[in-house]
Amino acid sequence: MMNKKIYFFFIFVFMAICMLFSVGTFFTEQPKPRANEILTPKPQATLPDGSINMHYLENITDYTTDHSAFRAELITLHHKILAVVFGTSGSTDVILGKEGWLFYQDTKDDYLGQNILSDSEIETIAQNIKMMQNYVEEQGAQFLFFIAPNKNSLYGQYMPELEILSEESNAQKLMAAMQKEEINFIDFYDVFQKEEEILYHKLDSHWNNKGAALAHDVILQTLEIPAFQWYTSPYHTEKNHKGDLYEMLYPAGKELDNNVIFEKPFQFVADREIHAPDDIQIDTTNEQKEHSLLMFRDSFGNALYPFLADSFGHSRFSRKMPYPLTMMQEVNADVVIVEIVERNIPYLLS
């Protein structure tokens, strides 16, 4: 009799836990996508063409998995246990580094020197960039290209112990090819390695505000456009930055990164509402400045664009790819900048 009671007790507890997560979905706040996460949309019984959705039950399963109550908290707890007890990352997108540093998994090939593009592929990319430069210069504007270094290309001392297969990288090969093609570019590996200060976030894959400020100063110096030097200007630090890598690994975690806040306010205004720094297109105006900028960028432009917007009379920052260079006529650009992060160099083959 006692065994039966224990048996039914465990069934009851199991069912109650299942009900808690299922029913809790309807009474708890719906989760928001974190970092690069894409949540499954609410399933529909019929498709846009009016036909029956034959995968409806499968869609419900995926939706419930992504929206179940306490999902983020359970993932965070599981990943914390893996990290602390076993020294293992619970996310396939995040590498656990030394001293609490996190790195993006997609940068591992570049760091190890494996799966590097062939010489002919690098040559093709360089020729593509050269054609872009030729087009821009034919329109009477300046062209500038640069690669934003992967975090572990600059701060590899915080990576876990891994065997480096080759010192050769896509970035170094491409910069050598661009030099042969006489393309206007900036070597930000050399620029950042000269600085003793760490200019990238510990829990994020990108440079911090001071790193972005340094990039701005070097860009304007290269273009020979007079501008305020942000890198050496007064600032204070605030622990207010939620790292993208940290969010991937610990979706319910509360730890924040330090970030630099400059004392000088920005003077530019947005031509239309900016919803987020990673908007597909951002247009800005600073009536105190001259020149018009068209910049094609990726997520490294999130921290960089305010500094550049402050230094140009009009700026457009676009995340569109392939790069629609004819856009420079829309904004009357006399400067065109193309930025791409090191890990995405292969995209330039497409």
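1. Helices (H or I, at least four residues) and strands (E, at least two) are DSSP runs, numbered from the N terminus. The model is predicted, so local features need pLDDT of at least 70 and side-chain atom pairs count only at pLDDT 80 or more, while totals for chains, interfaces and linings use all residues. Residue numbers start from 1 along each chain as its sequence is written, and side-chain values use heavy atoms, with hydrogens and water left out.

2. Helix H5 covers residues 119-138, 20 residues in total. The expected span of a helix is 1.5 Å times one less than its number of residues. For H5 this gives 28 Å, and the end C-alpha atoms are 28 Å apart, which agrees. Just after H5, Gly 140 has a positive phi of about 80°.

3. Which residues of H5 are buried? With buried meaning under 20% relative accessible area, exposed over 50% and partly exposed in between (1.4 Å probe, protein chains only), they are Ile 122, Ile 125, Ala 126, Ile 129, Lys 130, Met 132, Gln 133 and Val 136. They lie on the same side of H5 because they cover an arc of only 160° around the axis; the arc is that of the directions from the helix axis to the C-beta atoms. An α-helix has 3.6 residues a turn, so residues three or four places apart point the same way. Met 131 and Glu 138 are exposed, on the face of H5 turned away from its buried side.

4. The cover over the buried residues of H5 includes strand S3 (142-148), helix H7 (170-180), helix H12 (327-330) and strand S11 (335-341).

5. A nonpolar core is a set of buried Ala, Val, Leu, Ile, Met, Phe, Trp, Tyr and Cys residues joined through side-chain atoms within 4.5 Å. The largest one has 79 residues, of which Phe 145, Leu 174, Trp 207 and Ile 219 touch the most other members. Helix H9 (residues 209-223) gives the most to this core, with 8 residues. Apart from it lies another core, of 10 residues, including Ala 83, Val 94, Leu 203 and Leu 245.

6. Contact means heavy atoms within 4.5 Å. Leaving aside neighbours within four places in sequence, Ile 219 is in contact with residues including Leu 144, Phe 146, Leu 304 and Ile 337. His 216 is found in helix H9 and is buried, with a relative accessible area of 0%. With the sequence neighbours within four places again left aside, contacts of His 216 include Ala 227, Trp 230, Phe 307 and Ser 311.
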